[in-house]
Amino acid sequence: MVLLTERDRIRQSLSELVERYGNTRSSLLPILQDIQRQHYHISEYAMQVVADLLGIHPVEVFAVVSFYSFLDFKPRGRFVIRVCRTMCCHMQGKDRVARQLETDLGIKFGETTPDGRFTLEYANCIGMCDLGPALLVNDRVYTEVTPNEVHHIIEECRKVFGAHAVQSQEVGL
Amino acid sequence: MIKSFVDKKLTFRDMDPDVSLKAAADMSSAEIIETVSASSLRGRGGAGFPTGAKWKFCSRAEGDQKYVVCNADEGEPGTFKDRVILTRFPHLVFAGMSIAARAVGATRGLLYLRGEYTYLREGLMAALQKRRDDGLLGDEIMGVDGFEFDIEIRMGSGAYVCGEETALIESLEGHRGEPRNRPPFTADTGMNAMPSVVNNVETFAWAAAIMEKGPEWFRVVGTDQSTGFKLFSVSGDIDRPGVYELPLGITVQELLAAVGGENAKAAVIGGASGRVVSQAEFNRKVCYEDVPTGGAVIVFGPGRDMLDVAENFLEFMCEESCGQCTPCRLGNTKLLECVRMLQEGTCSAAYLREIVELGESIHLASKCGLGQSSGNIFLSIVENFREEIMGRALGAVEPATLRS
Ligand SMILES: Cc1cc2nc3c(=O)[nH]c(=O)nc-3n(C[C@H](O)[C@H](O)[C@H](O)COP(=O)(O)O)c2cc1C
Ligand code: SF4
Ligand code: FES
């Protein structure tokens, strides 16, 4: 039996990603997006390994991660809640939804709960302007959110830590 | 299913993407370009560049590997029509991309979908797979020898500026989404420095419709310079927010009547990079030659505070500027600071004049469309709503009672 260290494991899983997307510069973003999805952030070590595998300088990877608001250096929560703060949602009452989220989660925007479960962020227009206030929980979108509904949204996420997520109000194809 | 209100049966619903693609498969590259040019279709993403001309440049450009890129970054505040198109008519969009590919000789297609729309990805992938199974993507499409094309979906990661076509290509290549200097244009030096067509989601859908119905059908609607229907995303203080298909050249007044926004005091047309149209200008036409738009219309009722509007849009610009150009990076924070001074009533008329000049400089000295249009909303509010924004005292604003 071979014992793998945590670093070996990361290196192995990143090699697999590079294999899947191809060893070219244009694979960088898809690779980073997958790392973010799996690990809720992109660590310094992961950036170095990716740079190594793609044959580019680590600073290049760092520059890309720092540019995109959906990629993070710091660990984010299991659920990232992004409240749209742009004009249409602003007019439809996003401030009260935001306030209730802060209160219910006990954190401010930009912060992550100490248990690592929730991160609260603002997003710019998420394309739901006719159905605001809108927010994203990871990839899922919630529309016409009221301050009172915030509680249910959080509870729905919490269920994942127990058994299965109940899908409600999910928007998709 | 997305609950967005759609005002009537959209023209796209009557279209048969297979018929469009067949028509293109039976034509030569030059004939396709001729047809699209004859329709006078202009880009639906905002800038309004003639689509036929773009395809022609790209078809003439030399390159071993050409690309067709669909811009599904839809980040313009107030815009959501591409989301509706991608949800309801993905095959029409893919047919449009395939038609463009045949026109310019591209074999690879990329659809750049904004990260915020990740929930659309699965459905789009399924639609692509179906097309492969049906022989509508891959080698010998529709049995035509040499007609080879496939489409890949790439995700954005939360950066508005990546909707700008050169930034989008930078992002596709695995770089920061920083706009490039132009020229060279993407039509000859795009993805991987190869000739690339970049068009908006809606543009591809209309191109497909035109292949089915013919250019004359399209030209009947709209104005001389802005032909056809356009999808509008309308939100704000109106009775029926949603997606509307309206002819280009419609007046703001008519548009407001259609959406139940007759008592509006102003509307932002064209999103954050658009401008504010005040009541006095409601007779203006929405089209490329008058008030242009990628389709975003945000309506403000009589009670809205226009400084609040200016503040929100400038915050957006400060947040989304890529930071390459000093005027855009720093200038917009200055404009925002000025809005806050106006809110507190501490902005002198002389300082306001200086800031307006700064706004004009940002327009001139910025590299891409973001910076070039970043001050427009602020400037048009200063121009049209001076009585409302001057002489305020902190916390004592009752905008509804102000004369505007
Ligand atoms: C800051 C900025 C953001 C843009 N965002 C988008 C977008 O989200 N979708 C889009 O189709 N075009 C967007 N554009 C316009 C594109 O640069 C480009 O003109 C367009 O994709 C061309 O397609 P069209 O001719 O079919 O409109 C943006 C431009 C700028 C300057
Ligand atoms: S104008 Fe602004 S967004 Fe555009 S390239 Fe310059 S800094 Fe970046
Ligand atoms: S402004 Fe919030 S979704 Fe567009």
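The legends below describe close-up views of a predicted model.

**View 1. The five-stranded sheet of chain B.**
Five strands of chain B make up an open sheet with mixed pairing, ordered β6-β5-β11-β8-β9. The edge positions belong to β6 (242-247) and β9 (275-278) of chain B. Each of these two strands has a single partner, so one side of each is left without a neighbour in the sheet. On average, and with direction ignored, neighbouring strands of this sheet are turned by 30 degrees against each other.

**View 2. The pairing of β8 and β9 in chain B.**
Strand β8 of chain B covers residues 266-269 and pairs with β9(B) over four bridges. The sense of this pairing is antiparallel. Opposite B:Val268 stands B:Val276, a residue of β9(B).

Helix α15 of chain B, residues 376-384, lies across β8 and β9 of chain B. The angle at which α15 runs to β9(B) is about 25 degrees.

The side chain of B:Asn71 has an N or O atom 2.9 Å from an oxygen atom of ligand 1. Two further residues approach the ligand through the backbone. For B:Glu74, a backbone N or O atom lies 3.1 Å from a ligand oxygen atom. For B:Arg44, the distance from a backbone N or O atom to an oxygen atom of ligand 1 is 3.3 Å. Ligand 1 taken alone exposes 610 Å², of which the protein buries 90%.

**View 3. The shell around ligand 1.**
The shell holds 18 residues, and those that come nearest to ligand 1 are B:Gly45, B:Asn71, B:Asn199, B:Asn200 and B:Thr203. By class, the shell residues divide into nine polar, six charged and three nonpolar. Of the elements, β4(B) gives the most, with three residues.

**View 4. The four-stranded sheet of chain B.**
A four-stranded open sheet of chain B has parallel pairing and the strand order β3-β2-β1-β4. Strands β3 (150-155) and β4 of chain B stand at the edges; each has a single partner strand, so one side of each lacks a neighbour in the sheet. Neighbouring strands here are turned against each other by 20 degrees on average, direction ignored. The edge strand β4(B) is also the element that gives three residues to the shell around ligand 1.

**View 5. β1 and β2 of chain B, with helix α7.**
Strands β1 (residues 67-72) and β2 (residues 108-113) of chain B run parallel and are joined by six bridges. Within this pair, B:Val68 stands opposite B:Gly109 of β2(B). Helix α7 of chain B, residues 165-172, lies across β1, β2, β3 and β4 of chain B. Relative to β2(B), helix α7 runs at about 105 degrees.

**View 6. The elements of chain A.**
Chain A contains seven helices and four strands. Along the sequence, these elements follow the pattern α-α-α-α-β-α-α-β-β-β-α. The C-alpha trace of chain A spans about 50 × 35 × 30 Å along its principal axes.

Notes
Residues are numbered from 1 along each chain as its sequence is written. Chains are lettered from A and ligands numbered from 1 in the order in which they are written. This is a predicted model: local features need pLDDT of at least 70, side-chain atom pairs count only at pLDDT 80 or more; totals for chains, interfaces and linings use all residues. Side-chain values use heavy atoms; hydrogens and water are left out. Two strands pair if DSSP finds at least two bridges between them. Axes are lines fitted to C-alpha atoms, for helices over the stretch in contact, and angles run from 0 to 180 degrees between N-to-C directions. Contact means heavy atoms within 4.5 Å. A residue is near a molecule or strand if one of its heavy atoms lies within 4 Å of it. A polar contact is a pair of N or O atoms within 3.5 Å; within protein, one must be able to donate a hydrogen and the other to accept it, and residues adjacent in sequence count only if both atoms are side-chain atoms. Accessible areas come from the Shrake-Rupley method with a 1.4 Å probe; for residues, only the protein chains shown count as cover. Ala, Val, Leu, Ile, Met, Phe, Trp, Tyr, Cys and Pro count as nonpolar, Asp, Glu, Lys and Arg as charged, and the others, Gly among them, as polar.
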